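Hi everyone, thanks for coming. Please have the sequence and the 3D view open, and we'll walk through them together.

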Amino acid sequence: IKCHTLSHSHSLSCKFFSLMETPEDYTIIVDEEGFKELPVTDLLSVAGETWLALNVVSGGGSFSSSQPIGVTKIAKSVIAPLADHNISVFMLSTYQTDFILVRERDLPLVIHTLSAEFTILRVINGETVAADHLGITNGFVKPKLVQRPVIHPLSSPSNKFCVTSLDPDTLPSVATLLMDVMFYSNGMKDSATSCDDNGHIRFFSFSLIEGYISLVMDVQTQQRFPNNLLFTSASGELWKMVRIGGQPLGFGK
């Protein structure tokens with residue numbers, strides 16, 4: 001597991017940026033350097049804690065050469081053990097890989113929990129170094145494996161989604177379209193009307209991480225883009241969404 005510290009020297013620009021649109025609002029995940037570029041405004045709500053991005057890979061190489069593990073193994077081998085220790089996570093999936101964000105203050109317990117199954121490395125200022133246990137040696141009791149009850153309602157919108165990518169060199173040619181899709185196509189946000197009459201949900205995600213672009217959109221939005229511009233899977237597989245809870249749950253859930 002690679003633990004990316006979301007901060008950079010002053011000479012570098014933002015390296016980790018993700019914007020997600022839901023029917024209720026926009027969510028921005030950005031490293032500390034990018035955060036400095038955001039405007040100071042009362043309209044921007046900021047979570048009060050710093051998060052670190054965990055990236056589960058095989059091969060131990062760079063971001064571009066390592067092989068992603070996949071969401072299924074991440075859920076079983078990473079998220080479930082962290083949940084057993086009541087460690088909150090924030091999941092971010094992209095076309096290239098998957099990230100699990102954890103609170104910086106939880107890092108010692110995260111390392112202790114996962115070190116038995118994974119080699120944990122830290123990426124600091126572009127260099128990969130071994131992560132120590134930060135003073136955590138023992139004393140945590142492994143919880144009994146019990147079936148977790150579903151405590152929040154689940155729903156599945158009717159629209160289907162695709163996970164795609166885009167050559168950064170072609171970004172200027174679709175910049176206007178991207179701006180329209182992200183900010184101008186659907187009017188005001190309204191948490192009371194999260195789905196339309198057809199059961200469709202409004203969701204769009206744009207991520208630019210270490211120079212790689214990832215887009216998550218429904219099929220209807222994908223059709224607005226020029227043919228042969230977006231990278232998709234060879235099988236053309238589509239994804240269904242499962243929403244957890246009928247309202248925002250907060251980071252503690």
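**Aromatic pairs and an open sheet**

Let's start with Tyr26, which counts as partly exposed because its relative accessibility is 32%. Keep in mind that this is a predicted model.

Who is the ring partner of Tyr26? It is Phe183: the ring centres are 5.6 Å apart and the planes sit at 45 degrees, so we call this pair tilted. Phe183 is partly exposed too, at 34% relative accessibility. Tyr26 belongs to strand β3 and Phe183 to helix α4, so the pair ties together parts that are 157 residues apart in sequence.

The search of the whole structure gives three aromatic pairs. Another of them is Phe161 with Phe203, with centres 6.1 Å apart and planes at 85 degrees, so that one is edge-to-face. Phe161 is in strand β12, while Phe203 is in the loop between α4 and β13, 42 residues apart. Are these two buried or exposed? Both Phe161 and Phe203 are buried.

Now, the sheet. Six strands make an open sheet, in the order β3-β2-β13-β14-β12-β15, with antiparallel pairing. At the edges stand β3 and β15, each with a single partner strand, so one side of each has no neighbour in the sheet. As a reminder, strands of a sheet pair through backbone hydrogen bonds.

Look at β2 and β13: six bridges join them, and Leu19 has Phe206 as its bridge partner in β13. Then find helix α4, residues 175-184, which lies across β2, β3, β13 and β14 and runs at about 125 degrees to β13.

Finally, zooming out, the protein chain has five helices and 16 strands, and 36% of its 253 residues are buried.

Conventions
Residues numbered from 1 in each chain as written. Predicted model: local features only at pLDDT ≥ 70, side-chain atom pairs only at ≥ 80, totals over all residues. Heavy atoms only, no water. Pairing = 2+ DSSP bridges. Helix = DSSP H or I, 4+ residues; strand = E, 2+ residues; numbered from the N terminus. Contact = heavy atoms within 4.5 Å. Axes fitted to C-alpha atoms, helices over the stretch in contact; angles between N-to-C directions. Buried < 20%, exposed > 50% of the residue type's maximum accessible area, 1.4 Å probe, protein only. Phe/Tyr/Trp six-rings, centres within 6.5 Å; stacked < 30°, edge-to-face > 60°.
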